[in-house]
Amino acid sequence: MNINRTIDIIVSPQGDISINAIGFKGADCEKATRAMEEALGAVSHRVKKPEYDASTTAQHQQRLGT
C-alpha cells in the first residue's frame, strides 16, 4: 500500500503559521512536525485529527494448539 504523507506549512498575511500533517496516524504526525515547530517558535495550540487515535501498528493474533 502506498501512503502519501505531506506536511503543509501555511503562513497568513498576519504572520500566523499553521502546520498540517496529512496522511500520518497516531503520534507520527507530532514526530514529523516537531523539528519544524521548534524552528518556527512556540506552539500556541494543537488540534488533533481523528487519525491521531488510529493505531500505527498492525495487530497479529496467533493460536497455539487446536
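**Figure 1. Contacts of V11 in a predicted model.** Leaving aside neighbours within four places in sequence, V11 is in contact with D16 and I17, where contact means heavy atoms within 4.5 Å. The structure is a predicted model, in which local features need pLDDT of at least 70 and side-chain atom pairs count only at pLDDT 80 or more, while totals for chains, interfaces and linings use all residues. Residues are numbered from 1 along each chain as its sequence is written, and side-chain values use heavy atoms, with hydrogens and water left out. V11 is found in strand β1; helices (H or I, at least four residues) and strands (E, at least two) are DSSP runs, numbered from the N terminus. V11 counts as exposed because its relative accessible area is 54%. Buried means under 20% relative accessible area, exposed over 50%, and partly exposed in between, with a 1.4 Å probe and protein chains only.

**Figure 2. D16 in the loop between β1 and β2.** D16 is in contact with I10 and V11, when its neighbours within four places in sequence are left aside. With a relative accessible area of 53%, D16 is exposed.

Figure 3. Accessible areas come from the Shrake-Rupley method with a 1.4 Å probe, and for residues only the protein chains shown count as cover. I9 lies in strand β1, which covers residues 6-11. I9 counts as partly exposed because its relative accessibility is 43%.

**Figure 4. I19 and its contacts.** I19 is found in strand β2. At 26% relative accessibility, I19 counts as partly exposed. Apart from neighbours within four places in sequence, I19 is in contact with I7, D8, I9, T33, M36, E37 and L40. I19 and T33 are 14 residues apart along the chain, and their C-alpha atoms are separated by 7.5 Å.

**Figure 5. The salt bridge between R46 and E37.** The closest N and O atoms of R46 and E37 are 2.7 Å apart. A salt bridge is a side-chain nitrogen of Lys or Arg within 4 Å of a carboxyl oxygen of Asp or Glu. One salt bridge is found in a search of the whole structure. E37 is buried, because its relative accessible area is 16%, whereas R46 counts as partly exposed at 44% relative accessibility.

**Figure 6. The largest pocket.** The largest pocket has a volume of about 710 Å³. Its lining has 25 residues, and the closest to its centre are I19, E37, H45, R46 and V47. On a 1 Å grid over the protein atoms alone, a pocket is an open set of points where a 1.4 Å probe fits, with protein on both sides within 12 Å along at least five of seven lines; lining residues have an atom within 4 Å of a point. Grid points are joined across faces, edges and corners, and a volume is the space filled by probe spheres set on the points. β2 (17-22) and α1 (28-40) each supply at least two residues of the lining of the largest pocket. The largest share of this lining, six residues, comes from β2.

**Figure 7. The whole chain.** The chain has one helix and two strands, in the pattern β-β-α along the sequence. Of its 66 residues, 9% count as buried. The accessible surface of the chain comes to about 5900 Å², and 49% of this belongs to carbon and sulfur atoms.
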